[in-house]
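Please look through the sequence and the model shown here. The paragraphs after it lead from one local detail to the chains and the contact between them.

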Amino acid sequence: MNRKMLKNYIINLIVVALIYAGIKVLISAGVINRYYEGIIIFIMINIILATSLNLATGFLGQLTLGHAGFMAAGAYVSAITAIALKNSGMPNLLILIISLIAAAIVSALVGIAIGIPALRLRGDYLAIITLGFGEMIRVIINNLRGLTGGAQGLTGIPRIATFDNVFWVTALVILVLYRLTHSRQGRAIVSIREDEIAAEAVGVKTTYFKVLGFAIAAGFAGVGGGLYAHYLAFLDPKIFGFMRSVEILVIVVLGGMGSLTGSIFAAIILTILPEALRSFSDYRMLLYSFALVLMMIFRPIGMFGTKEFSWQGIYDRYKMLRDAVKRREKA
Amino acid sequence: MKKISIIMAMLLLVMAALAGCSGSSDTAATTAAGETTAAAAGETIKLGVIGPLTGEYSMYGTSVEEGAKLAAEEINAAGGINGSMVEIVAYDSKGDKTEAVNAYNRLRDQDGIVGLIGGTFSGETLSIKEIAVGDNMPVLTPTATNGEVTLNAPNVFRACYTDPYQGSTAAVFAAENLGATKAAVLYNIEDPYSEGLAEAFNEKFSALGTVTNFEGYTANDSDFKAVLTKIAESDPDVIFLPDYVAKVGIILSQIQELGLDVVAIGGDGWDGIEVDYADVAEGDYFANHYANTDEAPIVQNFISAYEAKWGKTPSALAALAYDSTYIMAQAIEKAGSTDADAIVAQLAATDGDYVTGHITFDENGDPVKSISMIQVVGGKHVLAAKVSAE
């Protein structure tokens with residue numbers, strides 16, 4: 001890690017801490033009431049889901065339509081673990097951490113199990129097979145009635161996801177994904193997206209990296225699902241239908257495939273939008289869809305494309321501008 | 001140039017979002033402050049409604065909204081609650097749990113509702129439940145039938161009967177009123193409502209007769225001939241079909257095509273079946289919350305008022321929402337304040353005649369009432385019997 005990168009990380013850490021402190025102050029001052037806090041939590045969960053899907057779809061270049069399936073696996077594993085630990089006298093935070101880790105591991109394993117056969121296919125075929133697997137997970141949950149409550153839903157999940165822990169889990173997920181995409185493994189993953197044959201020719205183990213990327217994406221989707229379960233305190237298989245996968249994919253596409261910061265901004269906008277448009281009642285979904293159509297017409301590569309937003313970048317640009325002005329003044 | 005226009009568009013979107021968020025926050029502050037004090041005369045009492053007002057299931061949410069609004073209008077015309085006007089604030093959930101939680105949080109914080117008439121579906125009500133218990137919000141759901149909804153939740157009540165109760169009542173009706181000894185069950189394994197009814201029916205009827213078949217299908221199935229042929233072999237007297245109209249209509253049509261000689265029985269999901277499937281449902285029975293041919297003045301007044309206001313025949317969901325709004329309003333009136341504990345205590349003490357029957361609540365907050373079994377005769381509802389499972 002060179003000095004510039006280190007500086008970058010410190011700046012970002014400070015910004016994240018400032019955002020956290022800012023929101024905390026606003027909450028305690030009563031400006032952010034529990035309605036807004038609830039929306040913020042859903043934003044964070046969507047950020048986790050979108051950034052993790054972005055790893056598979058944006059960075060690895062594999063169009064998957066089954067992300068809700070991994071989310072479901074994580075949500076149920078996390079919920080069942082927490083129900084089992086509920087009366088053990090452990091502090092809530094510890095229960096949450098244990099159940100989220102369990103969720104991540106199981107979802108990642110499911111991701112590997114699905115990834116190995118599925119990733120032999122590409123493009124449309126992969127999209128369809130992941131769609132099928134996503135639905136399969138849902139149907140299995142529906143039929144494991146003794147464990148998951150089946151169609152009746154799972155109740156009695158402890159409500160232990162709060163703003164604080166959701167915020168830091170989200171920050172951690174983003175950090176890990178950012179580090180991963182900017183590491184050697186990350187470059188290997190991106191090279192598969194750019195040209196699979198060329199990547200293989202220069203010695204990138206494509207199958208390994210595809211499954212790796214896919215499993216990590218699935219694992220984090222499980223974490224997102226786990227937080228969802230612990231915020232809602234109720235689960236049923238219908239939550240994780242095909243439309244949920246599409247919603248997450250829309251966030252990724254809108255933010256820009258291959259841009260983590262893009263996914264973050266898109267998750268914020270797309271979670272707030274339907275709520276902000278509530279006052280338009282019946283026309284709400286129409287306006288929401290219209291906003292999406294406009295976006296896709298004017299900027300089909302998404303808000304950020306494959307670029308990342310960074311404070312360093314802004315600073316660099318500012319410096320360039322300043323130098324240019326100086327040069328002109330000299331001339 | 002293109003870039004600038006995009007940035008402008010994005011900015012506009014964000015601004016619209018922010019404006020939408022901040023616009024109503026000051027009203028929340030005032031109502032929150034006034035919440036603990038007794039409702040001063042003239043102040044509006046807000047009641048929340050949550051349901052799918054858009055999307056696939058919008059007819060259910062809209063019925064609930066319309067029923068509640070009709071009741072509120074009548075209450076206001078009669079002088080309101082202790083002089084305060086009632087206002088119904090209805091939010092769309094699209095039938096989605098996340099949206100329902102957001103809608104509930106918004107009703108509580110931005111609109112400052114005193115009580116909630118909702119959610120419409122069991123799923124959305126269950127996802128709101130834990131939060132509402134924490135808030136001690138008086139909740140009276142008109143239509144959430146899942147058994148779990150009112151358990152361990154002293155502030156949550158419902159106006160409809162539960163799935164298990166409805167299923168067992170249908171079983172009692174089949175055995176005692178229709179004299180059936182053999183019954184088949186065909187239900188949707190992906191739907192909690194359908195599954196809940198099917199299991200309760202199965203359990204109750206097994207004690208009274210024989211359940212010959214207990215078959216499931218999934219939400220997207222549309223060809224039932226194979227399973228119906230299988231059922232036909234065991235020659236049941238009745239077939240129990242606990243699902244909603246769209247699916248039941250298809251099954252009934254296929255029963256007719258195959259020429260099965262069997263009486264079909266259903267749950268309250270059948271409400272409205274006479275509109276599209278009168279011929280195939282002829283002579284069949286279903287459990288409902290009220291019979292629209294009931295001569296009682298309260299029922300006929302409700303139907304004519306609803307038809308006058310909304311220009312259509314009320315569904316059972318509308319009747320339940322109408323009743324719920326009245327029950328909630330009467331509880332607030334008797335409590336004499338908008339204090340949550342007082343309202344919950346008065347809700348628990350509810351005892352009166354409503355469109356959907358005489359209602360009192362048991363210790364869970366479930367209504368104690370008999371079920372109207374309706375027979376479809378010549379495209380009309382005919383009250384066949386009032387049955388209770390006990």
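**A walk through the model**

Gly119(B) sits in the loop between β3 (115-117) and α5 (122-135) of chain B; helices (H or I, at least four residues) and strands (E, at least two) are DSSP runs, numbered from the N terminus. The peptide bond that leads from Gly118(B) to Gly119(B) is cis, and its omega is near -5 degrees. Chain A has a backbone detail of its own: Ala233(A) has a phi near 60 degrees, a positive value in a residue other than glycine. Ala233(A) is found in the loop between α10 and α11 (242-255) of chain A. Most residues other than glycine have a negative phi, and most peptide bonds are trans.

This is a predicted model, in which local features need pLDDT of at least 70 and side-chain atom pairs count only at pLDDT 80 or more, while totals for chains, interfaces and linings use all residues; side-chain values use heavy atoms, with hydrogens and water left out. Residues are numbered from 1 along each chain as its sequence is written, and chains are lettered from A and ligands numbered from 1 in the order in which they are written.

The predictor's confidence in each residue is the pLDDT, from 0 to 100. Chain A has a mean pLDDT of 90, with 99% of its residues at 70 or more. For chain B the average is 85, and 89% of the residues score at least 70. Among the elements of chain B, strand β4 (residues 139-141) has the highest mean pLDDT (95) and helix α2 (residues 25-34) the lowest (38). Across residues 15-40 of chain B the pLDDT is below 50, and this stretch has 27 contacts in the model beyond near neighbours in sequence (a contact means heavy atoms within 4.5 Å). Where pLDDT is low, the predicted coordinates should not be read in detail.

How do the two chains meet? The predictor gives the complex an ipTM of 0.84 and a pTM of 0.84. In the model, 39 residues of chain A are in contact with 41 residues of chain B. The two chains bury about 3600 Å² between them, 53% of it on carbon and sulfur atoms; buried area is the accessible area (1.4 Å probe) that two parts lose on being put together, summed over both. Of the area that chain A buries against chain B, 18% comes from Tyr35(A), Gln152(A) and Arg278(A), more than from any other three residues.

Seven salt bridges are counted between chain A and chain B, each a side-chain nitrogen of Lys or Arg within 4 Å of a carboxyl oxygen of Asp or Glu. One of them joins Arg278(A) to Glu99(B), with the closest N and O atoms 3.4 Å apart. Several helices of chain A each supply at least two residues of the side that touches chain B: α2 (34-59), α5 (123-143), α10 (206-232), α12 (260-276) and α13 (284-298).

Over all chains, the whole structure has 22 salt bridges. Within chain B, Glu66(B) forms a salt bridge with Lys312(B), the closest N and O atoms being 3.3 Å apart. This pair links distant parts of the chain, 246 residues apart: Glu66(B) is in helix α3 (residues 58-77), and Lys312(B) is in the loop between α11 and α12 (316-335) of chain B.
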